[in-house]
Every structure is written in structure tokens, then in C-alpha cells.
Amino acid sequence: PPGRRRAAPARAHDGKAPGKSCGGSNAKQKALTTPTSRPGLAPYVSRVVAIADEATTKLAALTPPPKDKAELQAKVLGPLEGQLKDGHLYADKVAAASKANDTKALGELLTNAPTATRADLRFMKSYGFTSCIDAADTGN
């Protein structure tokens, strides 16, 4: 029913605790330092996307209970995969503009970064994926 909160499962079918799946990726994301100069921008963006890709891959590798599989795909994995596609395209554009030393293009890219969150973050938290949000969600 609408408004009813789902109790977070203790474990997915593969025996891994859902919240522990992204621990390493989350630590990598938190260790990143925001660049203060143009040369550091492309590697930073590339690393953010790579970490999100790693975290999403870890989430996708879990074996959820069969009754949850479609909902997880619709609310978490599918949207995160869409964000990753946008993130990879964005990282490629930043790298190309940086390599060409195109400060105008870099400025436009910075002001138009793909920051929209598509995944249902509330659902992720309720399902026990709290530690994955920062690492997997390129929109934050």
C-alpha cells in the first residue's frame, strides 16, 4: 500500500549484507579531492564515474530475493545504469575539452553537468543500500 515502509532485508540471497556491498567504493569516493585547477578536472570526473560504475556493478552482482528483483531493477539498477551512461559521455566530453585546452567548452560542461538523480534513493535506503548512495549515485 502507498506510504507503507518496507523493512530492510538483512541479507540478499547471495548471503551478502546489502549495505556492505559498496563499502570499498564509498571509501574511494570519499577520498577524492575536488580539483582546484583545470588540469585536474578530467581525471577527477573520470574517477567519479569509474567509482560509480564499480559500485553499481557490485549492486548488480547481488542476488536479490526473487520477489524483489523487478523492483530493484526498476528503482535502482536501471536508473543507475542510465546515470552511468550519461556520466561516461560527460567524462569523455570533459577529457576531450581538457585535451584541446578548450576553456569555453570546459566552462559550459561544468555548468551543465549531469546531476539529476534517477535512482529512488529512498528505496535504496529502505532496502539497506545506504552506503551505496554516495558511491553509485553520480547525481549527488
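Show the side chains of the two residues. Phe123 and Tyr127 are both buried. Their rings form a stacked aromatic pair, with 5.7 Å centre to centre and 25 degrees between the planes.

The structure holds two aromatic pairs. Together, ring pairs link Phe123, Tyr127 and Phe129 into a cluster.

Check burial here. Tyr127 has 2% relative accessibility and counts as buried. Phe129 is buried too, with a relative accessible area of 4%. The cut-off for buried is under 20%.

Next, move to helix 2 (residues 41–61) and select Thr56. Is Thr56 buried or exposed? Thr56 counts as buried because its relative accessibility is 3%, where buried means under 20%.

What is Thr56 in contact with, leaving aside its neighbours within four places in sequence? Select Leu77, Leu80, Glu81, Leu84 and Ala136 to see these contacts.

Finally, colour by pLDDT. The protein averages 82, and 84% of the residues score at least 70. Then select residues 1–15, where the pLDDT is below 50. Beyond near neighbours in sequence, this stretch has 29 contacts in the model. Where pLDDT is low, the predicted coordinates should not be read in detail.

Key:
Residues are numbered from 1 along each chain as its sequence is written. This is a predicted model: local features need pLDDT of at least 70, side-chain atom pairs count only at pLDDT 80 or more; totals for chains, interfaces and linings use all residues. Side-chain values use heavy atoms; hydrogens and water are left out. Helices (H or I, at least four residues) and strands (E, at least two) are DSSP runs, numbered from the N terminus. Buried means under 20% relative accessible area, exposed over 50%, partly exposed in between (1.4 Å probe, protein chains only). Contact means heavy atoms within 4.5 Å. pLDDT is the predictor's confidence in each residue, from 0 to 100. Rings of Phe, Tyr and Trp (its six-membered ring) pair if their centres lie within 6.5 Å; planes under 30 degrees apart count as stacked, over 60 as edge-to-face and the rest as tilted.
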